[in-house]
Amino acid sequence: MINTFDRFRVLLAGPILLGSLLCHSAALAQSPSSRVDPIEVWYTFAVDSQEEAIFLRAVDAFEKAHPDIPVKPTRIPYLQNLSQFINSSQAGEAPDVIRLSDSELGRVGHISVEGLPLLEDLRVHLTPMQRSRFDARALAAMRYGNPLYAIPVSQGCLSLIYNRKLFDQAGVAYPRDDWTTEELLRAARSLTRGDILGMSVPLKWSYWFVPVLSAFGGAMFDPSGRPTLDSPGSSEAMDWYLDLERVHGVTVSSTSLEAMSTQFLLEKSAMVFDGAWNWNTYANQGLDIGQAVMPVMAETGQRLAPLASYFGWAVSKQSDAKVDSVRLALWLTSADVQKEFALSTYMLPTDRSLARDPEIAADPVLAGYIRQIQHTVQVPTVRGASMVYEQLDVALEMTYTGEMTAADALAAADVEMERVLDR
Amino acid sequence: MRVLRLWAAVTLLALPIMAQAQAQPQTQPRVSVADTEPGYRQIQIDVAVSPDPRVAAYEIWFAENSFSSTRDALLHSRIAVMDVDGLERGAPGENYDYCQVDGLPAYLDADGNAVIDRNAARWSCALTGMVPGRDTWIAVVPVSADGLALVDVDGLQPVSGRTDASDERTPPPDTRPVLYALGSIILSTIVLLVFLRQRDARKGRTRSRLAHVYVAPAVIGLITLTFYPILYGIGLAFTDADQSHLGDEAWVGLKNFVTVFASPGMWRVTGFTLVWAIANTAAHVFFGLLLALALNRAGLTGKTVYRTVFLLPWAIPGYISVLAWNGMLQPEGLVNGVLGTSIDFLAGADSARLVVILVNIWLGIPFMMMTLSGALQALSADMFEAAEVDGVSRWDQFRYLTLPNLKSTMVPVSLLGFIWSFNSFNTIYLMTRGNPYVGFGEPGATDILITYVFSVAFEYGQYGVAAAWSVLIFLMLVVFSWLYLKKTRATEASA
């Protein structure tokens, strides 16, 4: 029979063992270990865009072609993609491969763990011939400073999407590539009737403000990457943009990003500025939609130029299978995979050989977005690129509520950007 | 005449030789692999060539096996040969490739690609994309402007090279300090418990022989899972830890606290947090008690059904309820649909504040209702019957019997409710993310302290400053709890 003292000792043994194990684990924590895990890929795609299905098919094909390289794809919610990657990298648990946009690269680029960046510089992994397959602008967007942090896989931008049925009902001619903003506003006013808006523009989301900004000659950054939010033309651009509601009444300021899609889906608005990533969402609902290049600003003669956004596959610096990870990234960015992506999701390819592909050129949606991407602006992949939107959003809010003039708000936004960058 | 004939003969003989010389392919460039390894996945080759005006580029071919024809190899790169007037030399690390000509960095074309001077006799390149740990066979082929090879592409003599340079990999985070700390805390706690047990034994408290062992897991769990993270967070508040260099933070003293107090909107966000917490707690208690009293009425039929219905907001995961409210309050949402309006409830600062408070009140009532309902059922029915017989009014019964007897339940749950509301993250984050904006570099109109701390930590990446904010929140709640408990105990004593 066990007496009380023995029970005491037995019960005490557990915590002592736990404490000792922790100390022992501490001693072992730094010892190297080998890993035979599959390549972990984090991906995030737009809902309804069919991107996920095509991506998973591409991964399956890669595994069939490389049976010795297992792959574990993991879907990450879009809004958590970057923060989860940063946190997991700092905890030493980063995935091997991740899909990032150029603005996300701008945010990740300056972060380091133990003095090393979070992403692998892919310049040494690619031969010049492999690299030369890609569009130079797309490749440049994947560089943060000198290093190349991702292999570009797709590019996209906003464009003018319209509902043919609503145009027909109002007896308004469809938008054309040579439209001016006067024609756009005239059409929008004619289309605004009852609970139907001529346009759905998320007025307080600065990403949608960029095309107007560029049409007035403004820019968010200078070539060296310093913010220029109060550049000449910016305040005129902001006033013109907010006047879409304040003066013309063709849109409403309450339009959020979700509301824009909902209004268009419910046929409560006739036009939106939207990306190809949402085309399937609209088309699958049975909307009869068309697309045109953004119009020319009547006041300046310059075309509204949206931001060109780029996506690429990056490899973690922490990956212990970098050669295989790069092999997978190259597979996922191959011309065949990009072509399938383009034809199904309307995201534009970055492989130069596809620029004159007859199937892609024959697709009216892709052809339209290819025309639009010729009229885009590119933000340098710098740290500020991921921070600029918040400051512009605040400037839009302050101007809209009348607390500041556009010029003052933009000047304050620029000062705040400088402060944040110097922090 | 003889001289003329001799000249003619020589000329005739020389013509085919000259013609042959004109068509003769260039000799293969001499390629050697440098002994030094330029880096991971790179092999350095040195190339000696005979300058030839026909050469427009050099193609570098490679394969994992020896090859004699380009058909069995892959094209690695094509390096242009041209006049370099007006071109700039590249610098190591700036561009995609790094080539040298006669020991100097190669010139670069407009796209940043290396260019070889027409007159260069020696050049070298670090070839990227090589697979480490394997032999790679490399050959260089000069080509003309129209892309034709100037050497026999089926008679190549490649050289082999190999790179064994390992990749630069981030070392795993050093968890030793944390593990040592946790291990030491656990062992120290055990030693303390052993000491306390022996002391109790010496003092003759034999009834509690195993008490220390029984409490040991709970004490250790509390210390390691609660106290240690709090202390770690407090420590972090005095460092410059941020997202860009976590792990090598330095001690900065009170700098983060100065930053917090100097933050624009600091007092506004603290004020709104107090309004938010007090309004929520008061409304939770008021409506919870009202519903509990209603459900506790004698003779009410269908109590279980009512309780179940009122419990629904609590039974559904909070974030789903909040997202549902978010959708319903949109201009195209259900609320506007019912009202026949298209008001953006979340656009204005005041309306957004009111809406988030109302949604959180809706979420919190069921808990308070169930807790107080349980407490009401525990009250003696005889007491109320006696009061009824004595002719005490309903209001006085509530005021002098119900409320004082509920105090032992209401005080802790309202304190708990205040702390929960103070740190309630989900409602605001999912409804508005702290928006709308009210100024540059400031918390949003609906931000409370905890949502703003989240932004500071995970959107701005300032871990040290966020920790300083957290320490202040912690201190505020400790002070409030202490004052509240002290006050309510005093009331209890005087009653």
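Student: What makes up domain 1 and domain 2 of chain A?

Tutor: In this predicted model, chain A is divided into domain 1, residues 39-154 + 309-373, and domain 2, residues 158-306 + 387-422. Their C-alpha centres lie 29 Å apart.

Student: How many residues does each domain of chain A bring to the contact?

Tutor: Domain 1 of chain A gives 12 residues and domain 2 of chain A gives 11 residues. On the domain 1 side, helix α16 (residues 364-373) of chain A gives the most, with five residues. By class, that side holds five nonpolar, five polar and two charged residues.

Student: What makes strand β4 of chain A and β13(B) a pair?

Tutor: Two strands pair if at least two bridges are found between them. Two bridges join β4 (residues 112-113) of chain A to β13(B), and therefore these strands pair. The two strands run parallel. In β13(B), His245(B) is the bridge partner of Ser112(A).

Student: How many residues of chain B are in contact with chain A?

Tutor: There are 52 residues of chain B in contact with 55 residues of chain A. The largest share of the chain B side, eight residues, comes from α2(B).

How values were computed. Residues numbered from 1 in each chain as written. Chains lettered and ligands numbered in written order. Predicted model: local features only at pLDDT ≥ 70, side-chain atom pairs only at ≥ 80, totals over all residues. Domains from an automatic or database assignment. Contact = placed C-beta atoms within 7 Å. Helix = DSSP H or I, 4+ residues; strand = E, 2+ residues; numbered from the N terminus. Nonpolar A, V, L, I, M, F, W, Y, C, P; charged D, E, K, R; others polar.
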